[in-house]
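Good morning, everyone, and thank you for making time for this.

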Amino acid sequence: MKLGVFGSRSLGSKKVYERLKEEILRLREKEDIEMIVTAGEIRGVCKLARRAAQELKIPILLFFYDYERFQGGAFEHRSKMIINNSDFFLVVHDGYSQGTSNEVEMLEKEGKPYKYIKIEKENSSYKLDEKLPDFDWDGIMGSLGGDGNG
């Protein structure tokens with residue numbers, strides 16, 4: 001299964017990370033997760049998904065918005081690419097984020113299965129996604145035998 005992950009940028013705490021990782025592990029007990037598919041540049045849930053993929057040694061496919069080609073529709077296009085390349089979705093929402101709400105509508109329109117997880121936005125100054133670096137690209141490329149330059 002290719003697991004797509006969408007979620008609110010406001011949710012980046014350790015508590016959210018642990019919940020997301022728990023859900024991924026629960027899914028992995030039932031079915032092999034071939035890869036995690038998510039957005040490559042945003043913080044919050046998507047960054048936590050990238051971290052979980054790295055920690056759990058699950059391959060990851062990242063999509064980035066292309067403002068030059070799609071201008072006002074760049075974010076929607078990125079979401080469509082994630083939807084088209086995933087079989088099942090975890091959606092972690094603060095209940096307010098319009099972008100995540102739009103992605104849920106897109107999933108329903110496409111008839112894609114998903115699990116919706118609502119987590120209240122925390123009033124915490126500590127966010128795991130701000131404290132942890134994203135990927136160690138040099139380490140990853142070194143372990144693959146590449147130099148990171150294509």
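This is a predicted model, and I will begin with two of its helices, helix 4, which covers residues 74–84, and helix 5, whose axes come within 11 Å and cross at roughly 45°. The crossing of helix 4 with helix 5 is right-handed.

Which residues make the contact? On helix 4 they are Glu76, Ser79, Lys80 and Ile83, while helix 5 contributes Glu103, Met106, Leu107 and Glu110. If we sort the residues of this contact between helix 4 and helix 5, we find three nonpolar, one polar and four charged.

Five strands form an open sheet with parallel pairing, and their order is 3-2-1-4-5. At the edges are strand 3, residues 60–63, and strand 5, residues 114–118, each of which pairs on one side only. On average, and ignoring direction, neighbouring strands of this sheet are turned by 20° against each other.

Strand 4, residues 88–93, runs parallel to strand 5 and is joined to it by five bridges; Leu90, for example, has Lys115 of strand 5 as its bridge partner. Helix 1, residues 14–30, packs on the sheet, where it touches strands 1, 2, 4 and 5, and its direction makes about 160° with that of strand 4. Helix 5, residues 98–110, comes back here too, lying across strand 1, strand 4 and strand 5 and running at about 155° to strand 4.

Notes: Residues are numbered from 1 along each chain as its sequence is written. This is a predicted model: local features need pLDDT of at least 70, side-chain atom pairs count only at pLDDT 80 or more; totals for chains, interfaces and linings use all residues. Side-chain values use heavy atoms; hydrogens and water are left out. Two strands pair if DSSP finds at least two bridges between them. Helices (H or I, at least four residues) and strands (E, at least two) are DSSP runs, numbered from the N terminus. Axes are lines fitted to C-alpha atoms, for helices over the stretch in contact, and angles run from 0 to 180 degrees between N-to-C directions. Contact means heavy atoms within 4.5 Å. A crossing is left-handed if the near helix is turned anticlockwise from the far one by less than a right angle, and right-handed if clockwise. Ala, Val, Leu, Ile, Met, Phe, Trp, Tyr, Cys and Pro count as nonpolar, Asp, Glu, Lys and Arg as charged, and the others, Gly among them, as polar.
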